[in-house]
Amino acid sequence: PVCFVFLLNATPSTGSTWFYFYTNQLGFASDFLGTINVVGAVCSLGGVLLFGNFLANTPFRPILIWSTIIATAFGLSQLALVFGWNRAYGIPDEVFCLGESAILSVLGWINTMPILVLASRLCPQGMEATMYAMIMSVNNLGGVIGAELGALLTWQMGITEKSLDNFWILVLVCNLSTVLPLLFIGWIPEDGKDIGAEMDIHNEAGGEKIESKAI
């Protein structure tokens with residue numbers, strides 16, 4: 001499960017390239033960029049509440065599979081913004097960005113919550129803090145590597161703040177790559193059972209055997 005957590009976060013991301021697209025191509029002001037972040041933060045809370053109220057008892061695998069696929073589909077809609085297709089349908093760039101930020105933030109946290117719950121369940125008794133910190137470190141390491149891979153792709157494609165001709169390719173590659181970790185979904189427990197508790201039981205059983213042999 002820890003390896004899957006790593007892979008889920010280690011896919012390349014577009015990173016700060018969107019900032020240059022928003023400011024240089026779409027002409028967004030800094031205050032509107034802040035509004036996008038606020039909307040994303042509020043909707044992230046909505047994603048947490050949605051998971052807690054309706055998906056908390058759902059097995060991890062379906063949540064991870066469907067939230068990743070749906071997030072990828074909505075992520076590909078960013079190509080509409082890059083090519084200006086939204087304006088052809090009368091949708092202003094500002095409205096499109098706010099709606100996209102809201103939806104992706106909700107889906108992002110629905111996808112993240114199973115990882116947090118899984119991390120807590122992987123912790124054997126007596127090692128909760130150490131194990132949880134290790135899993136979260138692996139999660140963050142994956143995010144750092146994903147950002148670096150995105151930066152490498154940005155450099156290879158010759159994308160700069162003044163040259164965004166290949167930006168759509170970066171958006172396409174980064175979004176499609178998010179489904180690749182699903183090839184290893186089998187590493188995630190099928191029913192979301194408490195693995196940490198099972199480890200404790202096995203450890204206790206092993207201890208009892210040792211004690212019985214000593215007697």
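Predicted model: local features only at pLDDT ≥ 70, side-chain atom pairs only at ≥ 80, totals over all residues.

The contact draws on Phe60, Ile63, Leu64, Ser67, Thr68, Ile70, Ala71, Phe74 and Gly75 from α4, while α7 contributes Ile103, Leu104, Leu107, Ile110, Asn111, Pro114, Ile115, Val117, Leu118 and Arg121. Sorted by class, the residues of this contact of α4 with α7 comprise 14 nonpolar, four polar and one charged. The axes of α4, which spans residues 60–76, and of α7, which spans residues 93–121, come within 9 Å and cross at roughly 155°. Because angles over 145 degrees count as roughly antiparallel, α4 is roughly antiparallel to α7.

Helix α4 also meets helix α9, made of residues 167–177, and the axes of this pair come within 9 Å with a crossing of roughly 175°. The two helices α4 and α9 are therefore roughly antiparallel to each other. Their contact is formed by Thr72, Gly75 and Leu76 on the α4 side and by Val171, Leu172, Asn175 and Leu176 on the α9 side. By class, the contact of α4 with α9 holds four nonpolar and three polar residues, with no charged residue.

Helix α7 has a further partner in helix α3, residues 30–55, and here the axes come within 7 Å and cross at roughly 40°. With that angle, α3 and α7 are therefore oblique to each other, and their crossing is right-handed. From α3 the contact takes in residues including Phe32, Val39, Cys43, Val48, Phe51 and Leu55, and from α7 residues including Glu94, Cys97, Leu98, Trp109, Met113 and Val117. The contact of α3 with α7 consists of 17 nonpolar, six polar and one charged residues.

The axis geometry of these pairs is set out here.

| Helix pair | Axes come within | Crossing angle |
|---|---|---|
| α4 and α7 | 9 Å | roughly 155° |
| α4 and α9 | 9 Å | roughly 175° |
| α3 and α7 | 7 Å | roughly 40° |

Turning to the chain as a whole, there are ten helices and zero strands, so that from the N terminus on the elements run α-α-α-α-α-α-α-α-α-α. Among contacts in the chain with a separation of 6 or more, 81% come from residues 24 or more positions apart. Of the 215 residues in the chain, 37% are buried. The chain exposes about 12000 Å², and 66% of that area is supplied by carbon and sulfur atoms.

Methods. Residues numbered from 1 in each chain as written. Heavy atoms only, no water. Axes fitted to C-alpha atoms, helices over the stretch in contact; angles between N-to-C directions. Helix = DSSP H or I, 4+ residues; strand = E, 2+ residues; numbered from the N terminus. Parallel < 35°, antiparallel > 145°, perpendicular 65-115°, else oblique. Contact = heavy atoms within 4.5 Å. Nonpolar A, V, L, I, M, F, W, Y, C, P; charged D, E, K, R; others polar. Buried < 20%, exposed > 50% of the residue type's maximum accessible area, 1.4 Å probe, protein only. Areas by Shrake-Rupley, 256 points an atom, 1.4 Å probe, with all protein chains shown as cover. Left-handed = near helix turned anticlockwise from the far one by under 90°.
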